[in-house]
Amino acid sequence: MIVAAPDPREVREASLDELSRLRLPLPPPQFPLVWEPGDQIELRPTAEIEARIAVLHLILARCFGMPPQAAMSWLLASHLVEMVTPPEWQFVTGGRGDHRSFVLHHDALFALAWVLGLTKQLDPTVPVDERLVERMPYIPGGETFGQWRSRILAAPQHPADAAALLDLHYCLDWAYLEVQRAGRKPPGLVDANAIGQRRWALEWAVILRGPYHDEPPGWEEVDLST
């Protein structure tokens with residue numbers, strides 16, 4: 001479902017109000033908007049988001065001891081091999097890559113779960129819901145991707161709500177990094193790395209359409225530099 005994007009300035013005002021409520025620094029006046037008036041927004045197809053969730057969940061299982069052969073067998077049985085990025089494939093098959101960076105994807109997974117309505121909130125001060133694992137594929141029991149999709153019955157967020165949360169995390173990402181640089185404590189139990197991961201997931205899941213937007217990026221192509 002593609003819809004008209006909400007007024008970016010009104011959304012930004014709400015994001016800044018939330019930063020103020022959390023007593024976080026505000027970005028400078030020239031901090032760019034995420035989209036422009038007149039743009040359109042949509043979410044990636046539900047099946048694509050579900051596949052990304054399943055792959056991230058499998059990678060986390062590898063981080064915590066799942067044997068590579070078992071991981072590869074599950075991907076094959078679930079027909080998800082093509083959804084694995086090259087860096088992810090190197091990690092799944094041979095443990096190559098930055099183990100810590102893959103562990104951090106736990107928060108990206110949490111944000112994608114919110115996009116599909118599998119968790120109720122994405123509060124920047126609250127860590128990942130401990131019950132999230134119950135809503136993920138039960139890999140040890142042999143639950144395939146298709147079986148999991150039938151079980152969860154995803155209910156995606158409205159694109160405008162997801163876009164508003166993306167704008168908030170765009171601002172939060174800047175603010176949390178500023179807090180980190182200043183040696184201060186964040187307002188809750190979530191750190192700058194977790195906020196960055198949540199923003200990564202939202203940047204990927206929310207598709208922006210307009211004259212100043214490129215085609216939607218691949219998972220590894222999401223730009224968090226600004």
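The paragraphs below go through a predicted model, from its helices to its pockets and a few individual residues. Local features are given only where pLDDT is at least 70 and side-chain atom pairs only at pLDDT 80 or more, while totals for chains, interfaces and linings use all residues. Residues are numbered from 1 along each chain as its sequence is written, and side-chain values use heavy atoms, with hydrogens and water left out.

Helices (H or I, at least four residues) and strands (E, at least two) are DSSP runs, numbered from the N terminus. Helix α4 spans residues 86-94, and its buried residues are Glu88, Phe91 and Val92. These residues cover an arc of only 95° around the axis, so they sit on the same side of α4; the arc is that of the directions from the helix axis to the C-beta atoms. An α-helix has 3.6 residues a turn, so residues three or four places apart point the same way. Buried here means under 20% relative accessible area, exposed means over 50%, and partly exposed lies in between, with a 1.4 Å probe and protein chains only. The cover over the buried residues of α4 includes α2 (46-63), α3 (68-77) and α5 (99-115). Just after α4, Gly95 has a positive phi of about 70°.

Most residues other than glycine have a negative phi, and most peptide bonds are trans. Arg23 has a positive phi of about 60° and lies in the loop between α1 (8-21) and β2 (40-43). His79, with phi near 55°, lies in the loop between α3 and α4. Arg23 is exposed, at a relative accessible area of 73%, and His79 is exposed as well, at 72%.

Glu50 belongs to helix α2 and is buried, with a relative accessible area of 3%. Leaving aside neighbours within four places in sequence, Glu50 is in contact with Leu116, Phe145, Trp148, Arg149, Ile152 and Ala154. Gln197, in helix α8, also counts as buried, at 8% relative accessibility. With neighbours within four places in sequence again set aside, the contacts of Gln197 are Ser101, Leu104, His105, Asp107 and Ala108.

Helix α7 holds both Leu165 and Glu178. Leu165 is buried, at 14% relative accessibility, and touches Trp114, Leu122 and Leu202, not counting residues up to four places away in sequence. The C-alpha atoms of Leu165 and Ser15 are separated by 8.3 Å, although the two residues are 150 residues apart along the chain. Glu178 is partly exposed, with a relative accessible area of 29%. From C-alpha to C-alpha, Glu178 and Val92 are 34 Å apart in space, and they are 86 residues apart in sequence.

The pockets come next. On a 1 Å grid over the protein atoms alone, a pocket is an open set of points where a 1.4 Å probe fits, with protein on both sides within 12 Å along at least five of seven lines; lining residues have an atom within 4 Å of a point. Grid points are joined across faces, edges and corners, and a volume is the space filled by probe spheres set on the points.

The largest pocket has a volume of about 610 Å³. It is lined by 24 residues, of which Val34, Glu203, Leu208, Tyr212 and His213 are the closest to its centre. The elements that give two or more residues to this lining are α7 (159-181), α8 (192-205) and β3 (206-209). By class, the lining of the largest pocket has 14 nonpolar, two polar and eight charged residues. In this division Ala, Val, Leu, Ile, Met, Phe, Trp, Tyr, Cys and Pro count as nonpolar, Asp, Glu, Lys and Arg as charged, and the others, Gly among them, as polar.

The second largest pocket holds about 260 Å³ of space. Of its 17 lining residues, Leu118, Thr119, Lys120, Asp129 and Arg135 are the closest to its centre. The lining of the second largest pocket comprises nine nonpolar, three polar and five charged residues.

The structure holds zero disulfides, a disulfide being a pair of cysteine sulfur atoms within 2.5 Å. Cys63 is buried, with a relative accessible area of 10%, and Cys171 is buried, with a relative accessible area of 0%.

Terms used
Contact = heavy atoms within 4.5 Å.
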